[in-house]
Amino acid sequence: MSDVRLTLPDGDQPAFLRIAEAIVAEIRRGRLQPGQRLPGTRALAVQLGVHRNTVTAAVRELRAQGWVRVHPRGRTEVASLPAAPVPAPRVPPAAPPFRVAPVAWPDLQPQWPPGTLVLAGGRPDLRQLPVDELGRAWRAAVRHSRGRILDYGAPEGHPRLRAAIAALLGRERGLTVGPDEVFVTRGSQQALYLVARALIRPGDRVAVERLGYPPAWAAWRAAGAELVPVDVDGEGMRVDRLEGVPGLRAVYCTPHHQYPTMVTLPAARRLALAALARERGFAVVEDDYDNEFHYRGRPVLPLAAHDVDGAVVYVGTFSKTLAPGLRLGFLVAHRDVIRAVAALRLAVDRQGDAATELAVATLVEDGTVGRHLRRMRRLYASRQALVADRLAAGLGERIAFEVPAGGLALWVRTTVEPEAWQLAAARHGVGFDVARRYHLDGTGLPYVRIGFASLDEDELVRAVDGLVASHPGLR
């Protein structure tokens, strides 16, 4: 080590650790080679200007870490360190030596290139999220509990969030329920999966909207359900078509804003569905995924608000209200369903994120969520009007659509092949969905779905201009 001069590095760590790190750095650089002898502890102490005991402690640390070895007579030298192992090339086998059950993969959003202006329905504008309030509430939840909030908790969800949801549903959606009828989940998708597993046995028949939500179909199929498609028209699910379907175990529907067409199920069909459920003893699973966003008139109350028989399982989410990454959804159901769902969750997930649940409960209780929602309703209503007006002005009779009273998307009929328009729009840096991905049988229909919530005004202007410029009917 005669040609290597060490200096004592600055820092807050004890001096012996700083000395050890300095020697390790020289070994990593290659200036100290395996087998090379280090000066004695006295000589190093003089060189570094420290007490000999400090150098002795540094050598002990280096020895414990395997960087040096000490011979019986006190000579210290750099250890012969093995090279990092290089794994041998491996060709994965074509299949494992055991059977894997086939699983239907849900149809998720397409992966658009970076920079694409994506007009995806159902995505909120995360830039508007009250992140400071959420952060403070989360820190308070952990700090005030002295960390106990991060321990194991109830599978049904944090009691304060269950109570806050029950109060919110009573105030905003007309549901008269107690906290023990509310179950908090990691998003509405987990709620749908758990409900399907609780209600369905392999071979049971479940009616779904023929145009609908593919991840929900995946949840029912994972439970072994046979899906029975029901037609959708300008008023939503054709409830009359259910009368001739034998052996139904459940009906899954989106009555408030039918997914993806955005139409609202009228009162007559709601009453007919409730009567059929009572008469034939099947469950109605109501997915009310964006009830909060209604811009004109009063929103229609959920089916669950009029349910006196316990036939409706109501599913909601905070993904549109706040953010999908929070993974907060909920279901409201008869206590027997809640108990069954809790038992299933214990087998796969144990519980939710109690700290986040308590933080969101705090924001519901103190009015933060309510204020945020009122602001977002005004903002999204303005964005809906902007997109609708600009689309109509740019494309005229080449498209047709009704502006819904709420929701986060437009369902647009087009005179050209949707896939051709989608491909052309992608070249203009704009993405949107076509009807085929929402059809249970994958049938193509002359419709596209245009979302407007996640982009600001300038982005929406550029996106709609890209839609107009790329429309094949203008060429």
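What we are looking at is a predicted model, in which local features need pLDDT of at least 70 and side-chain atom pairs count only at pLDDT 80 or more, while totals for chains, interfaces and linings use all residues. Residues are numbered from 1 along each chain as its sequence is written, and side-chain values use heavy atoms, with hydrogens and water left out.

Let me begin with helix α11, which covers residues 368–395 and holds R378; helices here are DSSP runs (H or I) of at least four residues, and strands are runs of E of at least two, numbered from the N terminus. R378 counts as exposed because its relative accessibility is 56%, where exposed means over 50% relative accessible area, buried under 20%, and partly exposed in between, with a 1.4 Å probe and protein chains only.

Turning to the strands, β14 spans residues 409–414 and is mostly covered, since five of its six residues are buried. Strand β13, residues 399–400, pairs with β14 in the antiparallel sense over two bridges, and pairing requires that DSSP finds at least two bridges between the strands. Within that pairing, A400 stands opposite R413 of β14. Strand β17, residues 447–451, also runs antiparallel to β14, and five bridges join them; V412, for instance, has V448 in β17 as its bridge partner.

Lastly, in helix α12, residues 418–427, the buried residues include P418, W421 and Q422, as well as A424 and A425. After α12 comes G429, whose phi is positive, near 80 degrees.
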